[in-house]
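Please open the model in your viewer and prepare to select side chains one stop at a time. The tour below concerns aromatic rings and the charges placed over them.

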Amino acid sequence: MHVRAVAVTTTALLGVALTAPLSHARADGVGDDGPTVVAHRGASGYAPENTLAAVDRAAELGIRWVENDVQRTRDGELVVLHDESLARTTDVEEVFPDRSPWKVKDFTAAEIARLDAGSWFGSEYAGARVPTLEQYVHRVEHNHQKLLLELKSPGLYPGIERQTLKVLANEGWLDRRHVAGRLVVQSFDADSIRTVHDLKPAVKTGFLGTPAVSDLPAYAEFADQINPSYGSLSMSYVSAVHAFTGPHGRPLEVLTWTVNDADTARRVAGYEVDGIITNKPDVVRDAVD
């Protein structure tokens with residue numbers, strides 16, 4: 001995740017009614033012992049990000065939640081990749097040297113499937129591929145894990161919310177068992193998250209960012225989580241978020257990112273966040289246990 005401008009008109013969000021706040025309840029799978037640990041782009045400190053190898057590495061570490069990023073190819077396939085460009089995490093510049101700036105949206109799924117998405121990280125991952133969303137959720141399901149799915153730059157991909165939900169439905173991820181505790185869809189784009197909520201109200205949603213406290217009642221109409229960068233957090237802000245009730249009748253949750261060291265993990269855990277998103281989930285887990 002990277003910090004960027006929020007695609008939302010604040011004035012359109014103001015003045016929305018809110019139900020009475022409930023007592024704070026932690027995210028699924030946590031209990032009262034500490035925050036949920038989420039493997040950022042898989043266990044991306046130990047395997048190439050957003051690949052199936054990173055999902056598997058998280059599973060090997062005993063991490064139940066993984067986060068990923070979803071974009072769309074030129075021919076309409078949903079793929080799992082963080083950057084809008086393929087250049088940083090694949091060998092696209094070698095395979096397609098004349099296609100600069102190598103945007104995901106300018107390549108077909110078949111072209112992207114040819115790329116090596118692992119060698120940049122380490123020779124042992126040579127040949128790893130950019131997974132499709134279907135391939136990714138199959139692996140998460142196989143590993144009995146849970147998914148925090150980010151819609152990346154949805155303004156570039158009109159209709160990606162409906163398409164993502166369709167893929168999830170086709171793969172069995174919109175049944176009661178999954179939506180009750182194994183799936184959250186998030187984005188930096190508030191309008192996109194509102195669309196997901198409107199299309200499938202049962203799905204939990206998260207907004208990536210740090211809205212003003214005065215705007216939280218409006219976000220609570222369509223988002224179950226407020227997920228800010230750890231650098232923007234304070235105990236008072238987390239408490240303020242927890243005071244509001246989300247669309248599913250539970251207190252808003254706070255998952256913070258991207259925390260990779262023990263000291264920071266302990267500090268934000270002390271703020272009573274519900275989850276910590278990290279490239280090194282074992283380090284964070286051990287710090288906050």
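**Aromatic stops**

Select Phe-121: this residue is partly exposed, with a relative accessible area of 29%, where buried means under 20%, exposed over 50% and partly exposed in between (1.4 Å probe, protein chains only). The model is a predicted one, in which local features need pLDDT of at least 70, side-chain atom pairs count only at pLDDT 80 or more, and totals for chains, interfaces and linings use all residues. Residues are numbered from 1 along each chain as its sequence is written, and side-chain values use heavy atoms, without hydrogens and water.

Next, select Phe-207 and Tyr-219. Their ring centres are 4.8 Å apart and their planes stand at 45°, so the pair is tilted; rings of Phe, Tyr and Trp (its six-membered ring) pair if their centres lie within 6.5 Å, with planes under 30 degrees apart counted as stacked, over 60 as edge-to-face and the rest as tilted. Phe-207 belongs to strand S6 (residues 204-208) and Tyr-219 to helix H9 (residues 216-219), so the pair ties together parts twelve residues apart in sequence. Helices (H or I, at least four residues) and strands (E, at least two) are DSSP runs, numbered from the N terminus. Both Phe-207 and Tyr-219 are buried.

Now select Trp-120, Phe-121 and Tyr-125, which ring pairs link into a cluster. Trp-120 is partly exposed, at 36% relative accessible area.

Finally, select Arg-99. Its charged end sits over the ring of Phe-107, 4.0 Å from the centre; the criterion is NZ of Lys or CZ of Arg within 6 Å of the ring centre and within 35 degrees of the ring normal. Arg-99 also lies over the face of Phe-96, 5.2 Å from the ring centre.
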